[in-house]
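Take a look at the fold before going into its parts. The walk below starts with the whole chain and then moves from element to element.

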Amino acid sequence: MEKYSKWRDQGTGIQPFLQPVPARSEKQGLKVVLNAAKKYIVGPVVATMRLALLGALAVVDAATAAVGALVVVPSIKRMWTWCTRSVWARMALLVLGFYSVDTKTVSLQKGRRDARKNAASKKGGVRSGDIIVANHASYVDILYLVAKYAPVFVELDNATMCARPISMWTALRAPAQMTPALLQAKDARPLKTITEEARAKRCGPVVVFPENATTNGRALLQLLPVFGEYGNLDEKSNIHIVAFKYPFQSFSPAYSVGNQAAHLFGLCCQFYNSITVRVLDPNEAPRVADSPMFCDSSEAEPVDIDEDVGEKLLQLSRLRMTKMTAMDKRDFLTFYHKRAKGYGKNANGRPVTI
């Protein structure tokens with residue numbers, strides 16, 4: 001759309017914020033009739049039943065969370081949270097039509113691996129206090145991460161790189177809201193403080209979305225230099241990189257703009273939905289210990305953690321990196337919402353189309 005050309009990345013030609021549209025082949029012949037029947041006849045019936053089930057699941061989650069709040073032993077509380085939230089999120093994905101998840105652990109290295117990293121192999125999988133770095137294309141990302149890890153989600157400050165923990169429900173709603181430019185000083189904390197607390201209380205891994213905004217899944221935004229701040233570096237935290245993609249035919253599960261309730265309804269109208277998840281081989285993930293702030297240059301060459309994370313997320317996702325940032329997403333949403341209102345007023349007080 002020409003009116004949104006300002007937010008088309010010049011280097012790649014990709015518009016990373018507008019909702020993806022179906023291929024032209026889906027708008028021809030019999031497929032048009034079938035898609036119309038699904039969207040306006042069968043789909044709404046299916047969606048209504050699915051939304052009712054999601055509502056029931058939300059009530060169950062609230063009840064189990066209330067019970068979990070009464071548990072004082074960290075290990076038992078963590079087990080209760082993981083079991084209940086994991087089951088809840090898996091059932092929610094199933095209700096939404098994600099009957100299976102295409103998940104693969106991917107190696108990016110060809111030939112022999114670095115012996116030093118082999119020796120430092122991450123054993124025991126993802127642990128409490130570890131950091132999961134991922135791209136962010138939909139609220140469905142949140143459901144998958146809850147089902148798999150029951151993690152702690154954080155929101156980033158675009159200036160200081162500090163973070164604040166947010167609840168699962170806040171994380172689910174965040175894609176529909178304006179990306180915060182800055183966090184309130186009383187809420188912002190160094191990432192290391194959050195990972196240490198998560199490890200001590202066994203709250204699960206900490207999820208970081210370095211783009212700090214959702215995209216339509218067609219490209220990556222510029223990543224915030226989260227690991228460039230000393231206060232964010234926790235040597236005890238392993239970094240895990242995850243990439244999400246949403247293949248689709250007529251309706252994309254990716255969500256970056258628009259009414260979230262309407263998108264959820266459209267998602268529920270689908271007979272089935274698809275998600276692909278690629279997880280980087282843990283032995284190839286960046287290590288905080290390799291940061292110049294910790295690494296002894298006489299023994300090994302220091303690694304720029306932010307640059308390494310960016311390169312590997314780029315390769316893992318097989319997406320292109322744009323020059324757009326979370327601040328561009330804020331500007332885009334401001335413009336989009338003004339247009340969505342439809343009318344403004346000119347100097348004479350008369351309504352005009354924006």
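This is a predicted model: local features need pLDDT of at least 70, side-chain atom pairs count only at pLDDT 80 or more; totals for chains, interfaces and linings use all residues.

The protein chain carries nine helices and 11 strands. It has 354 residues, and 46% of them count as buried. Take the contacts in the chain between residues at least 6 apart in sequence: 79% of these join residues at least 24 apart.

Start with the sheet. Seven strands make it up, in the order E1-E8-E7-E2-E5-E3-E4. The sheet is open and its pairing is mixed. Strands E1 (102-106) and E4 (163-166) stand at the edges. Each has a single partner strand, so one side of each has no neighbour in the sheet. From one strand to the next, the twist averages 30 degrees.

Now zoom in on E3, residues 152-156. On one side, E3 runs antiparallel to E4, and four bridges join them. Val-154 stands opposite Pro-165 in E4, and Leu-156 stands opposite Ala-163. Phe-153 has Val-207 of E5 as its bridge partner.

How do the side chains of E3 point? In a regular strand, side chains alternate between the two faces of the sheet. Val-152, Val-154 and Leu-156 point one way from E3, while Phe-153 and Glu-155 point the other way. Five of the five residues of E3 are buried, so the strand is largely enclosed by the rest of the structure.

Next comes helix H8, residues 305-317. H8 lies across E1, E2 (131-134), E7 (239-245) and E8 (276-280). The helix runs at about 35 degrees to E7. The buried residues of H8 are Ile-305, Asp-306, Asp-308, Val-309, Gly-310, Lys-312, Leu-313, Leu-316 and Ser-317. An α-helix has 3.6 residues a turn, so residues three or four places apart point the same way.

Both ends of H8 deserve a look. Asp-304 caps the N-terminal end of H8, with a side-chain oxygen 3.1 Å from the backbone nitrogen of Asp-306. Just after the helix, Arg-318 takes a positive phi of about 60 degrees.

Turn to the rings. The count comes to 10 aromatic pairs. One of them joins Tyr-4 and Phe-332: 5.5 Å centre to centre, 55 degrees between the planes, and so classed as tilted. Tyr-4 lies in the segment before helix H1 (30-68) and Phe-332 in helix H9 (residues 326-341), so the pair ties together parts that are 328 residues apart in sequence. Both Tyr-4 and Phe-332 are buried. Ring pairs also link Tyr-4, Trp-7, Phe-17, Phe-332, Phe-335 and Tyr-336 into a cluster.

Finish in helix H1, where Thr-64 is found. Is Thr-64 buried or exposed? At 18% relative accessibility, Thr-64 counts as buried, because the cut-off is under 20%. A polar atom of its side chain lies 2.9 Å from the backbone oxygen of Asp-61. Leaving out residues up to four places away in sequence, Thr-64 touches Trp-80 and Thr-84.

Definitions and conventions:
Residues are numbered from 1 along each chain as its sequence is written. Side-chain values use heavy atoms; hydrogens and water are left out. Two strands pair if DSSP finds at least two bridges between them. Helices (H or I, at least four residues) and strands (E, at least two) are DSSP runs, numbered from the N terminus. Axes are lines fitted to C-alpha atoms, for helices over the stretch in contact, and angles run from 0 to 180 degrees between N-to-C directions. Contact means heavy atoms within 4.5 Å. Buried means under 20% relative accessible area, exposed over 50%, partly exposed in between (1.4 Å probe, protein chains only). A polar contact is a pair of N or O atoms within 3.5 Å; within protein, one must be able to donate a hydrogen and the other to accept it, and residues adjacent in sequence count only if both atoms are side-chain atoms. Rings of Phe, Tyr and Trp (its six-membered ring) pair if their centres lie within 6.5 Å; planes under 30 degrees apart count as stacked, over 60 as edge-to-face and the rest as tilted.
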